[in-house]
Amino acid sequence: MEVLGLSVAAGLATVAGAALLFGRRSWNERNLAFFLGLAAGVMAAVVALNMMPSALLLYPVGPGLAGLALGLVLMGYYGRFARLEGGGGDTPLMRLGLLIMLGIALHDLPEGMAIALGEELKGRTGLVIALGVGVHNIPEGMVMAAPLLMAGMPRRQILGRCLLVALITPLGALLGAALLGVAPGIMPVMLGLASGIMAWLCLFQLWPQAVKRDGGRSRWGFLAGVAIIILATFL
């Protein structure tokens with residue numbers, strides 16, 4: 001099935017993005033500030049330029065806003081009760097990297113569904129959407145891998161986790177193909193949910209962590225992340 005092949009290729013771009021960072025042998029606080037800022041910029045731009053416009057302009061406004069609110073509430077609840085600064089044996093960087101993976105995985109599910117929707121619309125729409133998703137996924141793979149690398153996770157484990165996240169895109173495509181005729185209203189809810197989770201991560205985890213380490217580098221990283229997504233969206 002063509003839609004499955006397109007979604008697999010788009011998802012694997014996440015793994016490629018993570019692998020781009022594997023050549024770096026040493027990390028410091030300035031590097032971390034830049035990549036956390038990059039992650040914040042990527043997530044903020046994806047939400048503002050991709051996810052929420054799709055949820056609010058292509059569908060009724062209510063389901064998208066409901067999904068956004070649900071995502072923010074769920075992550076706010078998690079942030080209140082999860083001790084991100086200690087305990088449990090994992091470092092804060094490790095937990096931050098895993099949270100980024102959660103946000104991007106939930107973001108990849110509606111993207112896969114969008115590929116399936118594009119295939120249903122007309123000729124090459126699915127291919128164009130898959131290309132855009134793949135370009136987005138390269139920097140997302142980088143921002144997933146950076147905190148895990150800095151936390152000392154072995155590269156093989158990082159690659160395996162990124163591969164699992166990459167599989168969410170074809171899963172979303174299969175789910176989208178199955179649900180389009182049954183429950184088309186689920187797409188704006190999923191887009192809003194992913195947006196809420198990513199917005200919370202950006203505002204309350206990534207950006208504060210980046211600024212705390214190096215304000216100047218974090219701002220450059222944020223601007224670079226926004227620029228990458230603008231180029232991927234409009235070119």
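Buried means under 20% relative accessible area, exposed over 50%, and partly exposed in between, with a 1.4 Å probe and protein chains only. The model is predicted: local features need pLDDT of at least 70, side-chain atom pairs count only at pLDDT 80 or more, and totals for chains, interfaces and linings use all residues. Residues are numbered from 1 along each chain as its sequence is written, and side-chain values use heavy atoms, with hydrogens and water left out.

**View 1. Cysteines C202 and C162.** C202 has a relative accessible area of 8%, so it is buried. C162 is at 0% relative accessibility and therefore also counts as buried. The structure holds zero disulfides, a disulfide being a pair of cysteine sulfur atoms within 2.5 Å. In general, a disulfide is a covalent bond between the sulfur atoms of two cysteines.

View 2. T14 is found in helix 1; helices (H or I, at least four residues) and strands (E, at least two) are DSSP runs, numbered from the N terminus. With a relative accessibility of 0%, T14 counts as buried. Leaving aside neighbours within four places in sequence, T14 is in contact with D108, N137, G141, M144, C162 and A166, where contact means heavy atoms within 4.5 Å.

**View 3. L6 and G112.** L6 lies in helix 1. Its relative accessible area is 15%, so L6 is buried. L6 and G112 are 106 residues apart along the chain, and their C-alpha atoms are separated by 9.2 Å.

**View 4. Helix 1 against helix 7.** The axes of helix 1 (residues 2-19) and helix 7 (residues 168-179) come within 7 Å and cross at roughly 155°. Axes are lines fitted to C-alpha atoms, for helices over the stretch in contact, and angles run from 0 to 180 degrees between N-to-C directions. Helix 1 and helix 7 are therefore roughly antiparallel to each other; angles under 35 degrees count as roughly parallel, over 145 as roughly antiparallel, 65 to 115 as roughly perpendicular and the rest as oblique. On the helix 1 side the contact is made by V3, L4, S7, V8, A10 and G11, and on the helix 7 side by T169, P170, A173 and L174. By class, this contact of helix 1 with helix 7 has seven nonpolar, three polar and no charged residues. Ala, Val, Leu, Ile, Met, Phe, Trp, Tyr, Cys and Pro count as nonpolar, Asp, Glu, Lys and Arg as charged, and the others, Gly among them, as polar.
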